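Please look through the notes below with the structure open beside them.

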Amino acid sequence: MTELTFEAALQDRTAEMLDACTKCGKCVEVCPSAQPANITDADPTDVITGIIDLVRSGDGSEISRRWATSCTLSGACIAACDEGVNPRFLLAMARVAIRQHDVALAERRRDGVAKFRDTSRDVTTLSRLQLEREALERLGQGAASQSTSDEAPDFVFYTGCNVLKTPHVALLALDIMDVLGISYRAMGGPSHCCGVMQLRAGDVEMSGRMGTNSIEKMAHSKSGQVLSWCPSCYVQFTETTLPAMERQRGARPFEMTPFIAFLRTRLDALKAACREPVALRVAMHRHPGVPSVVNAAIAILQAIPGIELVDLKQPAIGLQSASLGVLADHKRELQRAELQAACDAGVDALVTIYHSEHRELCAHESEWPFRIVNLLEVLGQSMGLHRDDRYKELKFAQDADLILGECGDLIARHAIDPALARDVIVKAMLGDQPLPLGSGPLAKEASQATAPTA
């Protein structure tokens with residue numbers, strides 16, 4: 001029997017979901033993107049019917065196109081469906097179909113390659129502006145990291161790509177596993193691409209090729225599990241690539257578990273390792289796209305002695321902060337409101353879970369009366385672990401030339417082109433700032449203090 005191609009397997013799975021969909025519209029009704037995307041006046045049944053048309057032909061109603069392209073991957077639609085359909089997956093397939101309908105394959109392939117190269121450049125450069133070679137290799141980057149021992153580890157720890165821009169987070173994950181006595185092999189970065197950028201470009205063949213290649217590299221652990229950090233990689237693998245491979249081959253090569261959700265399964269060991277009280281009143285920056293992660297993060301914070309967790313009663317939507325880029329104005333308003341709510345609540349720290357919101361929010365620490373830290377920093381502090389948040393330190397400078405000077409030694413040691421480094425700093429660090437700086441109370445006080453008097 002000839003094995004299905006990846007594309008054929010994906011098409012078969014998609015067709016089954018389309019047939020199972022009753023077009024009830026419940027997924028539209030619960031979608032948190034509907035209001036900011038201005039589709040609440042549309043009939044939910046018409047909207048989902050248009051999505052099915054888009055998936056099948058690439059052509060559908062304008063309102064359905066708007067819903068598909070405004071998806072922030074919140075996942076509320078999945079829980080709302082009584083038929084076992086994954087509407088989030090269907091919306092991804094609708095976006096693929098739109099690209100395939102509107103754009104020729106050659107251009108889609110070029111777009112996917114360009115986005116992959118840009119991400120690879122940004123991740124590689126920013127990680128090297130912060131880390132020595134040994135730390136990079138520990139995270140699975142560099143020539144020495146490509147060699148593997150004969151003995152399989154307990155788990156493969158899959159970083160994804162973009163967490164390497166804030167490498168202290170990924171290193172803390174490894175430090176925590178060391179304390180818990182867990183053996184692992186770190187993999188990730190551009191050499192282990194999940195294929196999501198190619199899928200977004202509408203190049204299904206290349207997405208399958210990239211994702212399958214990475215899966216085969218990761219399929220070697222005693223537990224048969226991969227611990228993943230990046231939520232977009234997790235969704236890409238578990239909702240698109242792994243199910244298609246299972247349809248091709250009859251079985252999945254491994255199961256994938258979000259790292260924070262995994263830590264919750266070791267909560268008793270974590271509690272025993274949390275020997276130092278952390279006297280902080282904190283609020284959590286939340287995205288509900290993978291509910292088990294948010295629930296686990298809350299449980300972990302509550303297990304740390306000295307922590308007081310405050311609920312800011314703010315809306316939580318999206319898979320991670322980067323996913324809200326499709327609703328840019330709404331995203332800025334959400335961030336502005338959350339920062340103000342944290343200030344009003346008198347918290348000591350706003351705690352991020354994922355890397356994208358940490359990159360976007362961390363520089364606001366300079367103008368609000370609280371810290372912005374990652375969950376693993378707080379957990380690590382109680383466990384006696386610390387990693388400098390070099391990304392935040394550099395971003396505080398808000399000056400590409402100052403940052404370039406600060407990183408001069410590492411630029412030389414890694415043989416990075418200074419012009420390239422400066423370009424990446426401007427675009428991928430300082431430019432990664434959805435809510436502009438300058439509106440926080442400390443920034444306003446500083447501005448008033450330096451204003452000339454009449």
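1. L280 stands opposite I307 in β6. Strands β5 and β6 pair in the parallel sense over four bridges. Strands pair if DSSP finds at least two bridges between them; strands (E, at least two residues) and helices (H or I, at least four residues) are DSSP runs, numbered from the N terminus.

2. This is a predicted model: local features need pLDDT of at least 70, side-chain atom pairs count only at pLDDT 80 or more, and totals for chains, interfaces and linings use all residues. Residues are numbered from 1 along each chain as its sequence is written, and side-chain values use heavy atoms, with hydrogens and water left out.

3. The order β6-β5-β7-β8 describes an open sheet of four strands with parallel pairing. Its edge strands are β6 and β8 (371-374), each of which pairs on one side only.

4. Helix α15 (residues 291-303) has 13 residues and should span 18 Å at 1.5 Å a residue; its end C-alpha atoms are 19 Å apart, which agrees. The expected span is 1.5 Å times one less than the number of residues.

5. Among the buried residues of α15 are V293, A297, I300 and L301. Buried means under 20% relative accessible area, exposed over 50%, and partly exposed in between (1.4 Å probe, protein chains only). The elements that the buried residues of α15 pack against include β5 (280-284) and β6 (307-310).

6. T125 is found in helix α7 (residues 105-128). T125 counts as buried because its relative accessibility is 5%. Not counting residues up to four places away in sequence, T125 touches I416, L420, A421 and V424; contact means heavy atoms within 4.5 Å.
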